[in-house]
Amino acid sequence: ALYVLLRFRQQAQLRRGASAILEVHGIVKQFPGVRALDGVDLALYPGEVHVVIGENGAGKSTLMKVLAGVHPPTEGEMRLDGVPVVIDDPRRALKLGIATIHQELALVRGLTVAENVSLGREPRVFDFPGAPVDRAAMRAVAAAALSRLSANVDPDARVADLSVGTQQLVEIAKALAREARVLILDEPTASLSAKESEALFTLIDDLKSRGVALAFISHRLDDIYRVGDRITVLRDGRTVHSGMVKGLTPEALIAAMVGRTVTEQYPKRGAASGAPVERDADAEPPVLRVERLTRKGAYFDVSFAVRAGEIVGLAGLVGAGRTEVARAVAGAMPADAGAIWLAGAPFSPASPAAAIAAGVAYLTEDRKGDGLVLERSVADNATLSQVAATRPLDGLDRDALDAAARALVKDLSIRTPSIETPVANLSGGNQQKVLLGRCLSMEPQLVIVDEPTRGVDVGARVEIYEKIRALTAQGKAVLLISSDLPEVLGMSDVVLV
């Protein structure tokens with residue numbers, strides 16, 4: 001109790017009269033055709049978590065990338081300890097003590113966990129350039145950083161072999177190993193389970209007590225109220241609210257973000273557009289049935305069924321095997337044993353293309369690595385699944401594909417300058433909508449959605465939930481995988497753990 005009291009007093013002293021470590025004034029960031037930031041001010045104080053929130057496309061990640069040196073500002077001033085400073089590349093930011101955990105993971109997939117944690121600052125056997133890397137010390141650094149997160153991850157494991165959630169823990173450990181004065185966290189809990197998130201929050205409390213200044217982006221309201229001290233709300237690149245978290249109600253927060261109230265986050269059965277399809281569950285076989293599905297090292301003896309018009313939620317900790325089961329059904333990671341039936345017929349897809357042809361749509365948890373072709377346009381990504389269906393004898397029907405893309409952009413309220421914009425230029429939430437739109441355009445009989453609202457703001461979440469519920473009204477079967485337990489409970493008709 002005495003330790004806690006002393007820490008509390010130390011933190012209070014840090015806040016009283018402390019000047020900002022990092023502050024920006026009048027920040028403008030202009031991209032071709034897009035003014036992503038329009039005169040934003042922000043100050044990060046020692047021992048505080050400053051939450052930055054807003055809808056997808058509001059400018060949150062762009063602002064964090066300005067602080068981290070990824071995007072030099074078009075206009076505006078930055079100050080470190082009250083002194084004007086230019087942060088024109090990420091290496092400069094790191095030298096100044098500013099570390100970032102990006103929303104889109106920045107790991108080298110072919111390297112080990114230890115090599116990623118020490119990347120660019122590898123310990124050497126001897127203290128001179130060109131000396132051999134001290135691999136034992138490198139592993140020790142990684143193990144120490146991971147232990148602070150209570151993460152059971154092998155430092156010698158290859159990053160490409162880890163789940164997205166485990167990769168997120170490695171990304172956080174990499175930032176911790178740098179002992180930064182300013183730590184920027186962009187959606188750090190998006191792929192973490194409740195237990196892993198709480199371990200991160202405990203670590204954040206410890207960093208605050210040590211005088212670290214933290215900027216924190218999250219679309220989960222519980223996260224904001226758990227760790228936030230100060231808050232800035234962005235909308236369309238401008239600040240619409242700034243103040244303390246204490247005393248700010250969730251309703252007022254949502255209204256500031258989206259410019260409207262969101263009275264009910266999870267749509268009730270039948271609330272989505274379209275009347276529910278009446279079906280006799282006993283008369284028809286399940287759309288999906290798996291029996292004793294097994295893959296060594298991933299899952300064992302898994303059996304369940306998903307019926308037409310039903311959402312089955314698949315819950316469990318990160319690493320429990322949820323995604324691996326889904327990828328077996330989607331033809332991306334075959335099982336070693338067991339059987340799958342689709343609409344009553346034996347189903348053994350040899351590839352994702354075979355699963356798509358059979359009417360299985362899969363929204364992957366890793367939109368950057370597995371879902372999108374980032375350098376291609378919104379139109380190309382939204383219509384990839386339609387190419388075969390719209391191909392005339394003399395080539396692609398580009399007009400039909402563009403028309404389909406425009407319809408998806410309008411239907412899902414995707415914020416993009418045009419359908420020709422590279423999808424890499426969109427915010428994470430709008431990228432997720434493009435991926436969801438592609439799945440919906442396939443007219444599937446089974447839809448598997450793996451972490452469908454990862455990195456998506458509260459307003460867009462409601463839109464995605466309504467689209468998923470509308471699928472069941474059309475008689476489709478949905479398998480929902482999520483680390484967000486309220487999402488699983490709010491959306492599912494049946495929950496499997």
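Predicted model: local features only at pLDDT ≥ 70, side-chain atom pairs only at ≥ 80, totals over all residues.

Biologist: Which residues lie nearest the centre of the largest pocket?

Modeller: The lining consists of 41 residues, and Thr62, Ala424, Asn425, Leu426 and Ser427 lie nearest the centre. The space in this pocket comes to about 990 Å³. At least two lining residues come from each of strand E2 (34–44), helix H2 (60–67) and helix H15 (428–440).

Biologist: How many cavities of 30 Å³ or more are there?

Modeller: A cavity differs from a pocket in that a 1.4 Å probe fits inside but cannot get out. The count here is 2 cavities of 30 Å³ or more. The largest cavity holds about 90 Å³ of space. Its lining is made of 14 residues, with Ser163, Gly319, Arg322, Thr323 and Glu365 closest to the centre. H6 and helix H10 (322–329) are the elements that give two or more residues to this lining, and H10 gives the most, with 3 residues. By class, the lining of the largest cavity has 3 nonpolar, 7 polar and 4 charged residues.

Biologist: How do the lining residues of the second largest cavity divide into nonpolar, polar and charged?

Modeller: They divide into 1 nonpolar, 5 polar and 7 charged. About 70 Å³ of space lies in this second largest cavity. Of its 13 lining residues, Ala190, Arg220, Thr453, Arg454 and Arg461 are the closest to the centre.

Biologist: Which residues have the most contacts inside the largest nonpolar core?

Modeller: A nonpolar core is read as a set of buried residues joined through their side chains. The largest one has 50 residues, and those with the most contacts inside it are Ile53, Val113, Leu149, Leu183, Ile204, Leu214 and Ile231. Helix H6 (residues 164–176) gives the most to this core, with 6 residues. Apart from this core lies another, of 33 residues, including Val378, Ile419, Leu426 and Ile464.

Biologist: With which residues is isoleucine 204 in contact, leaving aside its neighbours within four places in sequence?

Modeller: With those neighbours left aside, isoleucine 204 is in contact with Val49, Leu185, Leu214, Phe216 and Val227.

Biologist: Let us turn to the strands. In what order do the 4 strands of the open sheet lie?

Modeller: The order here is E12-E11-E14-E15, and the pairing is antiparallel. Strand E12 (299–306) and strand E15 (345–346) are the edge strands, each pairing on one side only. Strand E11 (residues 288–295) pairs with E12 over 5 bridges, and in E12 phenylalanine 304 is the bridge partner of valine 290.

Biologist: Over how many bridges do strands E1 and E4 pair?

Modeller: Strand E1 (residues 22–31) and strand E4 (residues 75–80) pair in the antiparallel sense over 5 bridges. Glutamate 23 has arginine 79 in E4 as its bridge partner. E4 also pairs with strand E5 (residues 83–84), in the antiparallel sense over 2 bridges, and leucine 80 has valine 83 in E5 as its bridge partner.

Biologist: Which residue takes a positive phi in the hairpin of E4 and E5?

Modeller: That residue is aspartate 81, with a phi near 55 degrees, in a hairpin that has 2 residues between the strands.

Methods
Residues numbered from 1 in each chain as written. Heavy atoms only, no water. Pairing = 2+ DSSP bridges. 1 Å grid on protein atoms, 1.4 Å probe; cavity = no way out; pocket = protein on both sides within 12 Å on 5 of 7 lines; lining within 4 Å. Points joined across faces, edges and corners; volume = space filled by probe spheres on them. Core = buried A, V, L, I, M, F, W, Y, C linked by side-chain atoms within 4.5 Å. Buried < 20%, exposed > 50% of the residue type's maximum accessible area, 1.4 Å probe, protein only. Contact = heavy atoms within 4.5 Å. Nonpolar A, V, L, I, M, F, W, Y, C, P; charged D, E, K, R; others polar.
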